[in-house]
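The following paragraphs go through one protein model, from the whole chain to single residues. Please keep the sequence and the 3D view open while reading.

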Amino acid sequence: MPLPDGTHVAYGDIILLIGKDLRQFIRTVKEGQRFECHLGYIEYDALVGAAYGSQFPTHKGHKMFVLIPHTEDIILHLQRLGQIIYPKDLGYIALKLGIRPGVRVIEAGTGSGALTMTLAMLVGDEGHVYTYERRNDMLSRAFANLRRMDLLDRVTFHEKDIEEGFEETDVHALFLDVREPADYLPQARAALRGGGFFGALVPTMNQVLDLAQPLYDGPWYMLQIEELLLRSYKTHPQRVRPDDQMVGHTGYLIFARAVDRDTRTASTNEAPDDMGDDTRDIVRDDDPGDGDQ
């Protein structure tokens, strides 16, 4: 991983530079080159050896903090061709899919690689990410972003329409970030192992409804439909309050587990408002429960 683990700037480090106006810049320290912005420029050769957390002046005398970026910084500064999955959703998706070192996971579509990068960081050297994308320009952009983070050995890129199915089987988890995920549930189930984790992100409630019914009727269980809202606050100690603006909606998250069971039919379906009963209650160890759902 190229993210620095030392205490001082070195050649090849990916660094975060931030000035008094809080504008952030992520750059790679390269010999003989320099960083330039509205506050002036900094020669990288002069910056090498500076302590992380310290301030370093531009040629105009403006001081900028030199920091080690974290994953959210990297993702928000990705070079992109379209909208990425927001960090507030990325971490939760990884948690709900049970991503950990050593697992194999499929995602489609790749986009600019925000989720690809997050998954690749978490599966470790023993795990692997398989990502599918139809657009060559998107795949090329994601490839470049993953190469910058030295994660290519953990990812296999497929330029392929997933209607044809996935090349991998018995994977631990699978996530769909495509326009109509309901169209690809048979392919997803064929790729997942028994009990595997399924997830999808869609922007509209229409898509949620299209996806919920086949998940409820088919070889899936523990259906969950969720949305995450994040509100930031102004941090001046004398007037702490919510920011004037927030990202009110990014997408709906749908999760389920792949299982083997009889497919529901129209005669056995409960009322539509009963679709959440698979996960209505979380049973504690000391709760006897109510038997088979």
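Of the contacts in the protein chain between residues at least 6 apart in sequence, 62% join residues at least 24 apart; a contact here means heavy atoms within 4.5 Å. The model is predicted, so local features need pLDDT of at least 70 and side-chain atom pairs count only at pLDDT 80 or more, while totals for chains, interfaces and linings use all residues. Residues are numbered from 1 along each chain as its sequence is written, and side-chain values use heavy atoms, with hydrogens and water left out.

The protein chain has seven helices and 15 strands. These are DSSP runs numbered from the N terminus, with helices (H or I) of at least four residues and strands (E) of at least two. Of the 293 residues, 44% are buried. Buried means under 20% relative accessible area, exposed over 50%, and partly exposed in between, with a 1.4 Å probe and protein chains only.

The interior can be followed through its nonpolar cores, which are sets of buried Ala, Val, Leu, Ile, Met, Phe, Trp, Tyr and Cys residues joined through side-chain atoms within 4.5 Å. The largest has 36 residues, and Ile93, Leu97, Ile99, Met117 and Phe175 have the most contacts inside it. Helix H4 gives the largest share of this core, six residues. Another core, of 29 residues, lies apart from it and includes Val171, Tyr252, Ile254 and Ala258.

Helix H4 is largely enclosed by the rest of the structure, because eight of its ten residues are buried. Among them are Ala114, Leu115, Met117 and Val123. Beyond its neighbours within four places in sequence, Met117 touches Ile74, Ile75, Leu78, Asn145, Leu146, Met149 and Leu151. Ile75 belongs to helix H2 and counts as buried because its relative accessibility is 3%. After H4 comes Gly124, with a positive phi near 75 degrees.

Helix H3 covers residues 87-96, and its buried residues are Pro87, Lys88, Asp89, Leu90, Ile93 and Ala94. Their cover includes helices H2 and H4 and strands E10, E11 and E15. Just after H3, Gly98 has a positive phi of about 65 degrees.

Which residues lie nearest the centre of the largest pocket? They are Gly109, Glu133, Asp177, Val178 and Arg179, out of 32 lining residues. Strand E7 (104-108), helix H4 (114-123) and strand E8 (128-133) each give two or more residues to the lining. On a 1 Å grid over the protein atoms alone, a pocket is an open set of points where a 1.4 Å probe fits, with protein on both sides within 12 Å along at least five of seven lines, and lining residues have an atom within 4 Å of a point.

Some backbone features remain. Most residues other than glycine have a negative phi, and most peptide bonds are trans. The bond from Ala108 to Gly109 is cis, with omega near -10 degrees, and Gly109 sits in the loop between E7 and H4. Asp150 is not a glycine but has a positive phi of about 60 degrees; it lies in the loop between helix H5 (136-148) and strand E9 (155-159). Met222, also not a glycine, has a positive phi of about 60 degrees. Met222 lies in strand E12 and is partly exposed, with a relative accessible area of 38%.
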